[in-house]
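Student: I have this model open on my screen and would like a close look at one part of it: the side-chain contacts. Could you walk me through the aromatic pairs and the salt bridges, and tell me how buried the partners are?

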Amino acid sequence: MTTRKERLLVVEDEDLARKNLMHILDREGYDVTGVESGEKAVALIKEHLFDLVITDFKMGRVDGLQVLEKCKAFQPGVEVIIITGYATVDLAVKSMKDGAFYYIAKPYKIDQVRKVVSEALIKRRLQLENQQLRDELQRIRPIPALIGKSPAMEKIRETIRQVAPSDTNVLILGESGTGKEIVAKAIHLLSNRQSKRFVAFNCGSFTEELMANELFGHEKGAFTGADREHAGLLEVADGGTVFLDEIGDMPLTMQIKLLRVMQERELMRVGGVTPRQVNVRFLAATHRDLHEDARTGQFRQDLYYRLNVITIHIPPLAERREDIPLLAQRFLARIAGEMQKEVSGIDAEVMELLGQYSWPGNVRELENIVERAVALATKPTIEADQLPDHIRNLTIETYRTAGDAIPTLEEQEKRYIEWVLQKTEGNKTHAAKIMGIDRVSLWRKLKRFGWDDS
C-alpha cells in the first residue's frame, strides 16, 4: 500500500527564499506547492487541501496572520508555521494565540525548519487518525438511550449517524412524549461538538420577555432588577449544541432574533449595544405541522427553511409496538434500581395489555406507568393489579380516532389534552405532570385551542 505524500504550501514573496525552502522540503519527500503572495495562498486554500502551510509574515496586502486566519476558517485542521524577519514577542504571542503551530525568526537554520515541519506533521497525522477513529466509532457504536428494534427506529439511528458529524441544522418531528430530546442528545454526543455544552430550551414554557432574557442574556441595568450582566443560553452553549424544543410555540418576534443568530452567528443581549459572536449548532423539535404553519404565516418561512435542512420524524409508540417490551424492561431496570426495589420482571398478561394499549402519551406515558407499577409492586414481577384501570380494563379508552379518518397532529393533541383533563377532573397541575409538560406549557396550549384556563 502506498503512503499519501503530505501536501505543503509555502507562501513567500522573495523568489530565492521561496525556492530554497521548497527545495529543502521537496528533498524530505513532501508534495510542495509555492506561491509568492498571500492572495494566491488564500485562493489555493479555498480549493485544495493541505496538511501544512508555511508562510512569511511580512507580505503585500494579505500578510501571514491573514493567511493563518483563512487557513483556520477554511481548513481548521491544517497546521501553520509563520516565518519572518520582523520577530517580536507580541507577534509571536499573537500568532500562537490565533492557532499557529510555531513561529520561526529569520535567519533560520535548515535543521530547525526540518524539525518544526516534522513535529507539525506528526500533530496533523494524529488529528487525522483520531478523526478516522471517531468516524468508525460513530458507524459501529450503539446510540445511547435510543431504544427499539423496529424498522422506524433503525432508520432514525442510521440518519443520526449520517448527520451528527456535520453542523447541519436538524428538525425533529413527533408527538409529545416520543423522545425528541433523546434524539437531539444522540446527535450531539456523536458530533464533533460532543466535548462542549448541550443546552435544551423549551420554547413553550416562557413568556416572550423571559425567553429573550434566557436565550440572549442581558446587560447590567437593562431592566429593573438587572443588577449584573447575565449570559444567555446561546452564549453558554458557545461551541456546542442548542436544542430548541417546541419551536413552533416561539413568538414571531423571537423567531426574527433567532434567525439573525443563525445567519450572522452573533447575538445582542437585552439592553446591549455590542453584538457578541456565538458558534452553536441548532437542533429543533415540534409536534406541530411547521410546514403548514409557515404556509399560513404562523411561523416564519425563512426560519422554517433554515431549520428544516434535515428532518427526523419519530413515529408514535402505537406505530412501533414491537419496541414496547424493550422500552418497558429498560424503564423497569432503571426505576427499580432508583427505588431500590427487587422488581425485575413483567408478567406476560401485563406485557400483552401494554401491547394492546394505544399510548396517547407515547414513550413518556409508558415510563410513567412502569414507574407507578414498580412503586406499587409487592413481588419481583409486575402484575396487572399494578396497572391503571384504563389499561387493565381496556374497553379501550383512548383519544385516538377509530375508523379510517386520520387526524392531524394538532387534532390528536387537542383530544389528548381533553382526555387527560377529563381523567384528572380538570386538575391542570396533575394533567400537566401526566403529559410530561409544565403548567405554563399547558396554559399556552389551552389558550391556543381557545379553551378557558380559569
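**Rings and charges, side by side**

Tutor: Happy to. Across the whole structure, a search turns up five aromatic pairs. One of them joins phenylalanine 201 and phenylalanine 206: the ring centres are 4.9 Å apart and the planes sit at 15°, so this pair is stacked. Bear in mind that this is a predicted model. Phenylalanine 201 is buried, at 4% relative accessibility, whereas phenylalanine 206 has a relative accessible area of 24% and is partly exposed.

Now turn to tyrosine 357 and tryptophan 359, an aromatic pair with an edge-to-face arrangement, 4.7 Å from centre to centre and with 80° between the planes. Here tyrosine 357 is buried, with a relative accessible area of 0%, and tryptophan 359 also counts as buried, at 0% relative accessibility.

Arginine 7 lies over the face of phenylalanine 50, at 4.9 Å from the ring centre.

That brings us to the charged partners. Side chains of opposite charge can pair when their charged atoms come close. In this model, the whole-structure search finds 29 salt bridges. Let us take a few of them in turn.

Arginine 295 bridges to glutamate 292, with the closest N and O atoms 2.6 Å apart. Both residues belong to helix α11 (residues 290-296), and because they are three residues apart there, about one helical turn separates them. Arginine 295 is exposed, at 55% relative accessibility, while glutamate 292 is partly exposed, at 31%.

Next, the side chains of arginine 300 and aspartate 302 meet in a salt bridge, at 2.7 Å from N to O. Arginine 300 has a relative accessible area of 28% and is partly exposed; aspartate 302, at 31% relative accessibility, is partly exposed as well.

Definitions and conventions: Residues numbered from 1 in each chain as written. Predicted model: local features only at pLDDT ≥ 70, side-chain atom pairs only at ≥ 80, totals over all residues. Heavy atoms only, no water. Phe/Tyr/Trp six-rings, centres within 6.5 Å; stacked < 30°, edge-to-face > 60°. Buried < 20%, exposed > 50% of the residue type's maximum accessible area, 1.4 Å probe, protein only. Lys NZ or Arg CZ within 6 Å of the ring centre and 35° of its normal. Salt bridge = Lys/Arg side-chain N within 4 Å of Asp/Glu carboxyl O. Helix = DSSP H or I, 4+ residues; strand = E, 2+ residues; numbered from the N terminus.
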